[in-house]
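Hello,

Please find the structure below. My notes on what turned up follow it.

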Amino acid sequence: MTATAQAPTGNLAEGSLTPSTRSGWRWAGLLLAIGVLLLTVAGSLRVGSVGLELGTVVDALVRPDMSLNEHIIVRGLRLPRTLVGVGVGAALAVAGGVMQGLTRNPLADPSILGINAGAAFAVVTAVFLLGVVSPFGYVWFAFGGAAGGAILVYVVASLGRGRATPVRLVLAGAVLTALFTSWITALLVLSQSTLDQVRFWLAGSLSGRDMEIFSIVLPFLLVGVVLALLIGKELNALSLGEDVARSLGQRIGLVRGVGATVVVLLAGGSVAAAGPIGFVGLAVPHIVRAAVGPDYRWILAYCAAVGPILVLVADTLGRVIAPPGEVQVGVITAIVGAPFLIQLARGRRVGGL
Amino acid sequence: MSTDANPIADPALASSRPGRRPAIPLVVRLAGLSLKVSRRTLGAGAAVAIAVVAAALYQLTIGEYAIALGEMLDAALGRGREDFAFVLRGIRLPRVLVALGVGLALAMSGAIFQGMVRNPLVSPDIIGINAGASVVAVFLIVTGSRSAVIPAAAFVGAVVTAFVIYALTWRKGIAGNRLVLVGIGVNAILTSLVTLITVRYPVQQVSEAVLWLSGSLHGRQWTHAVPLAGSLLVLVPAALVLSRQLKALQLGDDAARGLGARAELVRSLLILVGAGLAATAVAAAGPVGFVALMTPHIARMIAGPLTGGVLVLSGLLGAVLVVVSDIIAVSAFAPITLPVGVVTAAVGAPYFLYLLVRSDRVTS
């Protein structure tokens with residue numbers, strides 16, 4: 001990991017704290033976040049329509065006995081669901097952080113660059129035209145649509161005289177998202193059966209996800225998160241402006257390319273696993289930034305720990321909040337996370353919008 | 001944007017630069033209201049205004065059966081066939097007027113918000129005003145309320161949401177950045193409530209709600225057109241008066257704060273007017289997509305930074321976009337009529353992309 005004890009660049013503004021105590025606090029905070037994440041993992045394994053003791057959960061993980069119903073629930077349902085939740089939460093939050101750094105737009109999140117819309121476009125079209133029926137069938141369509149959407153946005157933003165500047169990327173993403181959305185809406189208005197089938201997927205859900213889905217997306221998420229943590233320093237330079245970054249000897253094209261790859265891997269992988277979950281990628285980097293400051297090496301590391309907390313808490317709440325049914329995780333992430341964002345916006349000066 | 005040492009050296013580059021010929025602003029006065037307008041804006045505005053009238057007239061001639069323009073005009077003047085006059089007055093005219101008003105209102109609302117907060121992604125759909133209307137309308141639709149109450153309820157939903165956002169943003173003043181982040185938070189909550197409703201209710205009702213959410217002019221009548229027109233008569237002049245102050249607000253929150261309490265008042269009034277415009281449009285036709293977010297960019301790419309003139313141009317572009325979209329929605333797959341909101345992006349996006357590719361004047 002690049003986040004070593006080296007002094008962060010922005011320490012002039014950080015008052016009386018010396019760089020090393022500041023760094024120490026950040027490590028402590030990161031450990032705390034990981035601790036909270038482990039608690040939410042335990043909660044996610046225990047809570048549901050059947051409540052389980054922690055001992056039972058540990059037994060099921062360590063000495064599985066498949067003749068016991070509880071163990072089948074833990075290993076067959078809750079564990080894969082929890083793992084997908086951790087992966088998706090980390091991926092969305094890190095992807096959001098990288099995008100906000102790359103585009104220097106704090107409103108950027110994976111849904112802006114056409115990724116979620118591209119995935120939804122591919123899935124809805126597949127359901128409508130090919131009659132694909134299950135979330136397993138959706139996975140590759142979602143991934144392909146996500147990658148296709150991102151590539152299309154990049155190509156459009158690079159056409160013509162100008163380069164693919166952040167403003168161009170953001171605008172191209174917004175306009176292609178509008179196009180995809182209008183196609184999706186047309187299909188949903190025309191075909192009630194398509195609507196009935198995809199509305200649960202479109203809400204963003206972890207329900208019924210198994211180890212197979214997790215193992216399909218895991219490599220993408222791992223590569224994405226590692227690459228993201230490697231370019232933290234470059235994002236710091238880029239956030240000072242392109243000219244500054246260039247004068248610091250940065251290869252901006254390379255950083256952008258790696259960053260875009262990261263976003264496609266992470267956002268594409270998560271939409272393939274859980275459907276389009278909004279808001280996590282937008283809100284978590286803001287919440288994290290308020291705690292650790294503007295250094296992207298720390299922001300991204302914290303995102304990888306805090307994103308899963310938000311997603312798992314939301315998913316666990318969704319299982320118990322409205323029995324006998326479930327409330328989709330994408331619904332709860334917004335209801336749980338939004339007040340944080342609002343409070344954050346109210347509480348301090350939010351600069352650089 | 002890059003700055004060349006000698007921009008004139010590359011004619012292709014120079015030709016598209018704003019201000020290559022000295023712009024002489026004209027002052028347009030109308031009923032005590034004066035606007036400084038550049039020639040470029042005025043020319044573009046005139047062209048778009050002609051397009052609006054032409055598109056609106058054409059839309060009057062199409063529908064379940066075609067009526068030639070001459071016959072239509074005769075009927076309008078009371079010299080033509082009775083049934084034509086009935087179709088014109090009872091069905092087509094209100095629909096065209098709603099289309100015009102919705103486009104105008106959405107585009108001006110988007111331009112106001114983007115002018116106030118210098119971020120290209122800001123519009124009433126992003127900060128939750130449309131979602132406020134949507135929650136109320138979708139809930140009423142899936143629970144089977146009478147369709148007559150929906151526009152009023154949607155309007156109330158949007159306005160209440162705007163006040164909630166305003167109240168949550170207020171801390172000894174309204175900072176644009178704070179407004180957007182608070183708005184995004186509120187939008188996320190409201191949108192997820194809409195999603196919740198769409199997965200919890202039977203698919204037949206949800207299907208109707210999706211139709212409303214897509215933005216539709218189907219069956220719009222005088223009961224929609226009259227409140228829309230009344231609301232615009234108040235809000236559009238207010239927007240134009242306030243637009244003269246936009247430039248000061250665009251300097252940034254700190255500079256604007258230096259201007260004192262007056263800037264704060266102007267900002268509050270602008271939010272009120274922008275939210276009111278969005279609420280008016282959404283009440284009449286549902287949250288028609290693309291118009292509020294993208295039309296102001298189109299206007300700025302044509303005519304430069306936001307001024308009162310560009311605000312008007314933006315509104316006119318919005319009106320022509322929605323009317324042309326509705327023409328396509330009615331005629332492209334006849335006898336199936338698409339919701340107009342499905343078409344706005346399909347019509348507007350290619351033009352927007354053309355401008356984006358061609359121009360290096362991408363304003364933020």
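This is a predicted model: local features need pLDDT of at least 70, side-chain atom pairs count only at pLDDT 80 or more; totals for chains, interfaces and linings use all residues.

**Where the two chains meet**

Which residues of H6(A) and H15(B) meet? From H6(A) come Arg168(A), Leu171(A), Ala172(A), Val175(A), Ala178(A), Leu179(A), Ser182(A), Thr185(A) and Ala186(A). From H15(B) come Gly341(B), Val342(B), Ala345(B), Ala346(B), Ala349(B), Phe352(B), Leu353(B) and Leu356(B). The residues of this contact of H6(A) with H15(B) divide into 13 nonpolar, three polar and one charged.

Ile335(A) also touches chain B. Setting aside neighbours within four places in sequence, Ile335(A) is in contact with Ile189(B), Ser192(B) and Leu193(B). Ile335(A) sits in helix H14 of chain A, residues 329–347. Its relative accessible area is 33%, so Ile335(A) is partly exposed.

**Chain A overall**

Chain A has 14 helices and zero strands. Along the sequence the pattern reads α-α-α-α-α-α-α-α-α-α-α-α-α-α. The radius of gyration of chain A is 21 Å, close to the 20 Å that the globule rule gives for 353 residues, so chain A is as compact as a globular protein of that length. Along the principal axes, its C-alpha atoms fill a box of roughly 65 × 50 × 35 Å.

Of the 353 residues of chain A, 55% count as buried. Take the contacts in chain A with a separation of 6 or more: residues 24 or more positions apart account for 73% of them.

**A helix pair in chain A**

Next, H12(A) and H13(A). Helix H12 of chain A covers residues 280–292, and helix H13 of chain A covers residues 296–320. They pack at an angle of about 125°, with their axes 9 Å apart. That angle makes H12(A) oblique to H13(A). The crossing is right-handed.

On the H12(A) side, the contact uses Val280(A), Val284(A), Pro285(A), Val288(A), Arg289(A) and Val292(A). They meet Tyr296(A), Trp298(A), Ile299(A), Tyr302(A), Cys303(A), Val306(A), Gly307(A), Leu310(A) and Val311(A) in H13(A). By type, the residues of the contact of H12(A) with H13(A) divide into 13 nonpolar, one polar and one charged.

**Two residues to look at in chain A**

Start with Phe279(A). It lies in the loop between H11 and H12 of chain A. Phe279(A) has a positive phi of about 80°, although it is not a glycine. Is Phe279(A) buried or exposed? It is buried, with a relative accessible area of 6%. The C-alpha atoms of Phe279(A) and Ile335(A) are separated by 9.8 Å, and the two residues are 56 apart along the chain.

Then Ser270(A). This residue is in helix H11 of chain A, residues 252–274. With a relative accessible area of 2%, Ser270(A) is buried. Beyond its neighbours within four places in sequence, Ser270(A) is in contact with Val88(A), Ala91(A), Leu92(A), Leu221(A) and Gly275(A).

**Chain B**

How many helices and strands does chain B have? Its secondary structure comes to 15 helices and two strands. Of its 364 residues, 56% count as buried. Among contacts in chain B between residues at least 6 apart in sequence, 73% join residues at least 24 apart.

One helix pair to look at is H6(B), residues 150–169, with H7(B), residues 176–200. They pack at an angle of about 135°, with axes 9 Å apart. H6(B) and H7(B) are therefore oblique to each other. H6(B) passes H7(B) in a right-handed crossing.

The residues of the contact of H6(B) with H7(B) divide into six nonpolar, three polar and one charged.

Last, Phe290(B). It is found in the loop between helix H12 (261–285) and helix H13 (291–303) of chain B. Phe290(B) is not a glycine, yet it has a positive phi of about 75°. Its relative accessible area is 4%, so Phe290(B) is buried.

Best wishes

Definitions and conventions: Residues are numbered from 1 along each chain as its sequence is written. Chains are lettered from A and ligands numbered from 1 in the order in which they are written. Side-chain values use heavy atoms; hydrogens and water are left out. Contact means heavy atoms within 4.5 Å. Helices (H or I, at least four residues) and strands (E, at least two) are DSSP runs, numbered from the N terminus. Ala, Val, Leu, Ile, Met, Phe, Trp, Tyr, Cys and Pro count as nonpolar, Asp, Glu, Lys and Arg as charged, and the others, Gly among them, as polar. Buried means under 20% relative accessible area, exposed over 50%, partly exposed in between (1.4 Å probe, protein chains only). The radius of gyration is taken over C-alpha atoms; the globule rule is 2.2 Å times the number of residues to the power 0.38. Axes are lines fitted to C-alpha atoms, for helices over the stretch in contact, and angles run from 0 to 180 degrees between N-to-C directions. Angles under 35 degrees count as roughly parallel, over 145 as roughly antiparallel, 65 to 115 as roughly perpendicular and the rest as oblique. A crossing is left-handed if the near helix is turned anticlockwise from the far one by less than a right angle, and right-handed if clockwise.
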